[in-house]
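Good morning, everyone, and thank you for making the time.

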Amino acid sequence: MEHVAFGRTGLRVSPVTLGCMSYGDPARGAHPWSLDEESARPFIRRALEAGINFFDTANVYSDGTSEEIVGRLLNEYADRDDIVLATKVFGRMRPGPNGGGLSRKAIMTEIDHSLRRLGTDHVDLYQIHRWDPRTPIEETVEALHDVVKAGKARYVGASSMYAWQFAKALKAAELNGWTRFASMQNHYNLLYREEEREMLPLCADEGIAVLPWSPLARGLLTREWGAETERTRGDAFGGTLYRDEDRAIVDAVGAVAEGRGVPRARVALAWLLRNPAVTSPIVGATRPHHLEDAVAALSLELTGDEAAALERHYTPRPVAGH
Ligand SMILES: NC(=O)c1ccc[n+]([C@@H]2O[C@H](COP(=O)([O-])OP(=O)(O)OC[C@H]3O[C@@H](n4cnc5c(N)ncnc54)[C@H](OP(=O)(O)O)[C@@H]3O)[C@@H](O)[C@H]2O)c1
């Protein structure tokens with residue numbers, strides 16, 4: 001697998017990232033469909049064998065247990081210096097007025113808890129999971145800079161927010177000589193393309209790595225419209241993101257996949273990967289062939305006509321996933 005530049009930095013990452021929201025204690029947090037440690041084990045091992053070096057989790061996933069499981073498995077199977085480990089901060093981790101958000105206090109508290117759960121002394125990428133309207137962005141960016149200077153993170157990144165907010169965050173870092181955001185983890189796939197208006201052009205212009213989350217629309221792009229899985233039945237957040245009009249796009253993915261004789265997931269990922277603004281889609285894998293398809297998508301080149309057929313039915317829609 002050929003690794004790619006992580007935005008404007010010298011870091012190189014695999015062109016697909018393993019999304020570790022799928023791994024955690026199903027009894028804790030908001031993902032009853034997540035896989036426990038023993039079930040997650042082969043996915044971490046197989047991802048490493050395939051050349052994937054980039055792993056994404058968050059403090060909130062399954063109430064911290066995603067970080068615990070992923071940390072233990074990576075410590076077992078990988079050399080820490082070979083992998084790029086990313087986590088996030090923002091979501092509520094404890095009751096009380098300072099139990100979440102991006103205040104200096106929250107960031108300094110949460111990085112230490114994440115490192116303890118992950119069993120490491122640093123993360124490679126520390127991302128703000130959302131925009132915090134209650135904290136001045138300067139407070140947040142300076143705290144992130146201090147996390148980097150303390151050796152607890154190598155790079156900082158951001159996730160779903162408006163492009164004007166991200167531009168403001170980049171400006172705050174620039175004006176004050178603080179560590180610059182290296183990446184944007186945003187909601188982007190064939191069923192949600194609003195990022196093409198402002199965020200992707202901003203990232204391309206600024207040399208920011210783009211890491212699309214839910215690149216397969218949480219599985220909707222991988223199967224017939226309406227087909228249910230354990231995850232679709234328990235995915236409360238996913239249920240808020242897509243709508244009935246999306247069926248035509250899902251059918252188009254099916255038609256292109258059939259024409260090529262490949263699984264739909266490969267087509268949906270290959271479409272994302274043709275976009276030069278995209279660095280590394282973050283794929284969720286809950287069955288062995290999911291990883292195989294993600295890796296195979298890297299060598300599937302769609303034609304212009306195929307891409308046009310996949311894009312034709314998209315209509316603008318309200319912002320979703322912030
Ligand atoms: N920053 C954020 O706010 C944010 C939000 C969401 C996610 N994320 C990150 O993005 C990662 C990926 O999110 P996601 O799991 O929603 O992504 P996704 O790749 O869009 O969806 C994964 C789901 O798609 C199905 N699937 C995947 N590969 C398949 C294949 N080859 N064939 C058939 N079905 C396939 C599976 O569904 P079934 O299990 O139903 O079979 C799987 O659980 C997360 O782990 C997390 O790291 C970040």
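This is a predicted model: local features need pLDDT of at least 70, side-chain atom pairs count only at pLDDT 80 or more; totals for chains, interfaces and linings use all residues.

Residues are numbered from 1 along each chain as its sequence is written. The helices (H or I, at least four residues) and strands (E, at least two) are DSSP runs, numbered from the N terminus.

The helix α3 itself covers residues 104-118, which is 15 residues, and it reaches 21 Å from its first C-alpha to its last, close to the 21 Å expected, where the expected span is 1.5 Å times one less than the number of residues. Which residues of α3 are buried? They are A106, I107, E110, I111, S114, R117 and L118, and by buried I mean that 20 or more other C-beta atoms lie within 10 Å of the residue's own, whereas 12 or fewer makes a residue exposed and anything in between partly exposed, with C-beta atoms placed from the backbone. Seen down the axis of α3, these buried residues fall within an arc of 135 degrees, so they line one face of the helix; the arc is that of the directions from the helix axis to the C-beta atoms. After α3 comes G119, whose phi is positive, near 70 degrees.

Let me turn to the partner α4. The two helices α3 and α4 pack at an angle of about 30 degrees, with their axes 9 Å apart, the axes being lines fitted to C-alpha atoms over the stretch in contact, and angles running from 0 to 180 degrees between N-to-C directions. That makes α3 roughly parallel to α4, since angles under 35 degrees count as roughly parallel, over 145 as roughly antiparallel, 65 to 115 as roughly perpendicular and the rest as oblique. The contact is made by R104, I107, M108 and I111 of α3 together with E139, T140, A143, L144 and V147 of α4, where two residues are in contact if their C-beta atoms, placed from the backbone, lie within 7 Å.

In the loop between β5 and α3 we find S103, which is partly exposed, with 18 other C-beta atoms within 10 Å. Leaving aside its neighbours within four places in sequence, S103 is in contact with N98, T135 and E139.

Now for two serines with a particular backbone angle. Most residues other than glycine have a negative phi. In S62, however, which lies in the loop between β4 (54-56) and α2, phi is positive, near 50 degrees, and S62 counts as buried, with 27 C-beta neighbours inside 10 Å. In S214, in the loop between β9 (209-210) and α7 (230-234), phi is also positive, near 45 degrees, and S214 is buried, with 26 other C-beta atoms within 10 Å.

Finally, consider C20, in the loop between β3 (17-19) and α1, which is buried, with 32 other C-beta atoms within 10 Å. Although C20 and I282 are 262 residues apart in sequence, they are 8.9 Å apart in space, C-alpha to C-alpha.
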